[in-house]
Structure formats: structure tokens, C-alpha cells
Amino acid sequence: MSADSTNDSAGHPSDDTAESDLLLGALRSVAHGAVVAIVGIGLQKLLLFATTLLLTNGLGVGVYGVYAFANRLVTSLGSFALLGAEVALLRYIPEADGDPARRDRVFGLAVGTVVLAGLGVAVVLYVLAPWLGRRTIDHPLFVPVFRTLVLALPLLGLVRLTGDLLRSLELIVDQTVVVRVALPGLQLCAVALALVVGFDVVGLAGALVGAAALTLVVAVALAARHTTVRPAGGQSVDEVARFANYAGPVTLGKVGGILRNRVDVLLVGALLSATAAGIYNVALFLTGFVSLSLLAFNQLFPPVAAKLYATDRREELDALYSVATRWIFTGGVAVAVVEFVFRSELLALFGTAYTDGRVVLSVFVVGQVVNCSVGSAGWLLQMTDHQYLNAANNWLLAVLNVGVSYLLVLEVGLVGAAVGTAGSLALVNLLRVAELWYLEGLQPYTRRFVFPLAAGGGYGRRDGGAEVGGCRTPASRRGGPGRPPYVRGRAVGARYRGPRPAAVRGTRHTVPTGRDRRRVTARRRGRCRP
């Protein structure tokens, strides 16, 4: 056995075993889901990117800030419309693999829950819209935009539920088509059509409701064609009680998760301005690309983990968690380095006003790297029947995040909100890893985690360059602060000069002349980044 294998953490199978016999079947399923999902998520991000570009350039910073705040608020509060039913599907549909009648009853219970809860939440939010407007962004367009977007809640809840049904059956292609392609694609078409026709922001929100209805039609058609699961009644008291016992804590955890993850958006809108909310939303959107690998592996990891846990295959589950987490972390670090180095250029794509979010974007990048470093820890807690503990984690950090974010927004503005959210995200994920190790003996870390971290750090050091003659040279070629750039220990331009003057002969560096800089700039212009 290799030295690397013998030095893995205690209680953890060796890397060689983990990547060979123990997890071939499970890892193949999860990897297949990740490959399909990475394409779908990439398309989704591009579609959302195009939609955001259209919105920011078509509405302006202030109006876009109103829309972004209203949409974020509806999305956050609208998660209550699911009442944990989608997570219950991921837990119980794989477990009832050999019992079609039980699967139909579970799905019927989930559909009834989402329909009733979606309508109820939509009515409550519609009535409370003026009250929310007075206490948050206080803009005349907020109430009509918010009320229009609220109408899509029941439709989006059923779209999400149907997608998770396909996901629980490991039909990842169909799930990707519904959630990652059809929904954002139809939303992009709706926004483009609304802007071309000349709709205002309220009419644009109505077009998005129509896109949600069309997406539901696509989802139902795919589910009816490729699955035999149909919503059915006849649930026993024990089935209803078990479903509620699982979905209830998941819903409570979502409430805490909203306060933990989204309170920053609410505070920015309430305490700062619509312009600040728009800048903050763009920075938050860009950092979503860092977690692309995490989202990809999370597509099939929950149902596969639930099946392994139900059949008591702990070693395979442990090995799967370790390998998947290392791959997730590698992908996250790669994207994080690119976003950190090019943060100004990326923000400038949305308009020069958005470059004020450079520090906010940097803070979010760090938080997402920590998020990727723990892998699917939250899902694994829920799939191992620790839903109450996961809910407690969310609430504990929610209280902390509300207090810290509020104080930091008052003191430092946008950056304070980012620090509060990113810090709470990092803390809750580290806490989840500790709980998994203590309760289930599961932890993902081996010595191989050093490699992606070292690679990302090395690229970041190499690319943090200096300006020379209008070009940006890598940090490895700099002489340090206040010094000209050097190549192989010599000053730029020294290779083009004759013997050094006696006054400086024997010193380590030679100060380049203006002519030297121009000659070097001309030779390097094709290789330097502006």
C-alpha cells in the first residue's frame, strides 16, 4: 500500500480502496449525474448571465435594483411553498425502489403539500406586499413588481417538485432539461420579448410568470413520458406522520437558511439603497459560478447516499463522500482563482457602476471556496436522518448572521453584509463536517486535498502582476514594491544594454531607461494582459 494511503485520516478508507472496489457503482452514478449536470448548470449560468445582462442594461441600475430585491425576496420566501416536500422525495423515493404503490403515495402526498402551501404563501405575500415595501426598499415600483412575481410561486413549486422526482429516480437528463435549460431559457425569452415590445418592469414580471407556466407544461410532459410514478392517495397515518416528521424539520431549516443566507439582501435593501442592492445582487450572482462543481455533484449525490445509508453500506458511503468532495473542491478552487483575479473585468461587463462591488465579490469567493471544501455535508446530514440537527444548525447560524450582518452593514455598508453572509456560510459548513464525523464517522479529508489548494494558490501568486509600460506582468517577474520588474534576477532592459556603468557596477539591479522600457513593452505586448 502507498505511503499516501497509510497516512489518511483515522476512520477513513484509503484512497486506493476508495477509488477501486468500494465505490465503483455509487461513484459511477454520481459522476454520471455530475457530468450531465455540469453541462446543464453551465447552460443555466450562461442563460442567467444573458438574462442579467439584458435586465441591467434594459432597466438601469435603480429599476434593476427594485426588480432584483423583489425577485430575491419572492424566491427566498417562496421556498416555504415546498414545505420540505422535495427533500422528502429524495429521501423516500429511492428507499421505495421496489414498491411502486408506495412511491405513488409519497409523490401524491408531496404534490398535495406543494399545491396547498404554494397557494397559501402566495396569498399571504400578495396581501403583505405594501407592508413589506414600506419596511424595506420603499420604492413605488416595488409593490406591483412583487405582487406580479408572487403569482408564479405555485407554478415554480410544482416545477421544482417534478424536477426532484426525476432526480430521485436518477433521470438526471430529464431533470436537467426541466430545471437547468427550460426554465432559464424560457425566462430569457420572456425578458427579451418584454424589452423588445417595450414593457415596463411590471409587464416584464408578468412575462416571467408566463415562462413559469410553460416550464410546468414541459416538466409534466417529461415526467409522464419517462416515469411510471403518478400522484396517488390512500396514504396511511404512519406514512403521513413519517413524511411530516421529515419534511417539517427541513422546512424549519429552510427558514433558518433564509435568515442565514439571504438576510444580507434584505438588510442591503432596507438600510442602503436600490443601487446598492443591484450591485450586491450582481456580485452574488457571479460567485454562484464558484459552486458549479458542488451543484453538479449534488444532483445525484442525495438519492445515491440515501440508498447506501438505507442498505447500511457505510464504507462505500464514506469513500463516495471523500472522492466527491475532493473533486468538488478542485473545481471550486479553479473557478475561484479566475473570479478573484479578474473581478474588476467581470463586474464591468454589467456596467461601470457595478465595479464598486469588487471587495464584495472577493469576500463571497472566499466563502464559496469553504463551501466547496466540505462537499455535500448538508445533504448527507439530511440523508442520514439528522434533519433536526441540520435545522438547528441553520437556526443557530441564522441568529448569529442577523446580528453580525446588521452591525456590519451599519458600519461598513455592502462589504459588511458580504462578510456576515460568507462568514456564517463557512461556519455552518465546518460545523456540519464535525457533526458528520462525530455522529456517523464520516469525513472527507485526505492528504490529496493539498494538491488543488496548492495549485490554486500558486496560480494566484503568479498572476497578481504589476503594470509595466501599459502591460501587466506576472508577480513572479516583479522585483517587489517600488522596484522595476525583473526577469531571471536581472532588471528588464539589462539584456539590451552594454556593460553597466561603473557607478552601478557590482550592484544587484540596474534601473531601466525609458528607451529600455519602450523596447521591452514592444516585445512583450503580445504576451501581456492589458
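Proline 94 is buried, because its relative accessible area is 9% and buried means under 20%. This picture comes from a predicted model. You can find proline 94 in the loop between helix 5 (85-92) and helix 6 (100-135). Leaving aside residues up to four places away in sequence, proline 94 touches Leu89, Ser168, Pro303 and Lys307. Take a look at lysine 307: along the chain it is 213 residues apart from proline 94, yet their C-alpha atoms are separated by 6.0 Å.

Now for another loop residue. Histidine 386 sits in the loop between helix 18 (377-383) and helix 19 (387-412). Histidine 386 has 18% relative accessibility, so it counts as buried too. With residues up to four places away in sequence not counted, histidine 386 touches Leu381, Leu439 and Glu440.

| Residue | Relative accessible area | Contacts beyond four places in sequence |
|---|---|---|
| Proline 94 | 9% | Leu89, Ser168, Pro303, Lys307 |
| Histidine 386 | 18% | Leu381, Leu439, Glu440 |

Next, a pair of helices. How do the axes of helix 14 and helix 15 cross? The axes of helix 14 (residues 301-310) and helix 15 (residues 314-341) come within 8 Å and cross at roughly 155°. Angles over 145 degrees count as roughly antiparallel, so helix 14 is roughly antiparallel to helix 15. The crossing of helix 14 with helix 15 is left-handed.

Which residues meet there? From helix 14 come Phe301, Val304, Ala305, Leu308 and Tyr309, and they meet Arg314, Glu316, Leu317, Leu320 and Tyr321 in helix 15. By class, this contact has 8 nonpolar, no polar and 2 charged residues.

Definitions and conventions. Residues are numbered from 1 along each chain as its sequence is written. This is a predicted model: local features need pLDDT of at least 70, side-chain atom pairs count only at pLDDT 80 or more; totals for chains, interfaces and linings use all residues. Side-chain values use heavy atoms; hydrogens and water are left out. Axes are lines fitted to C-alpha atoms, for helices over the stretch in contact, and angles run from 0 to 180 degrees between N-to-C directions. Helices (H or I, at least four residues) and strands (E, at least two) are DSSP runs, numbered from the N terminus. Angles under 35 degrees count as roughly parallel, over 145 as roughly antiparallel, 65 to 115 as roughly perpendicular and the rest as oblique. A crossing is left-handed if the near helix is turned anticlockwise from the far one by less than a right angle, and right-handed if clockwise. Contact means heavy atoms within 4.5 Å. Ala, Val, Leu, Ile, Met, Phe, Trp, Tyr, Cys and Pro count as nonpolar, Asp, Glu, Lys and Arg as charged, and the others, Gly among them, as polar. Buried means under 20% relative accessible area, exposed over 50%, partly exposed in between (1.4 Å probe, protein chains only).
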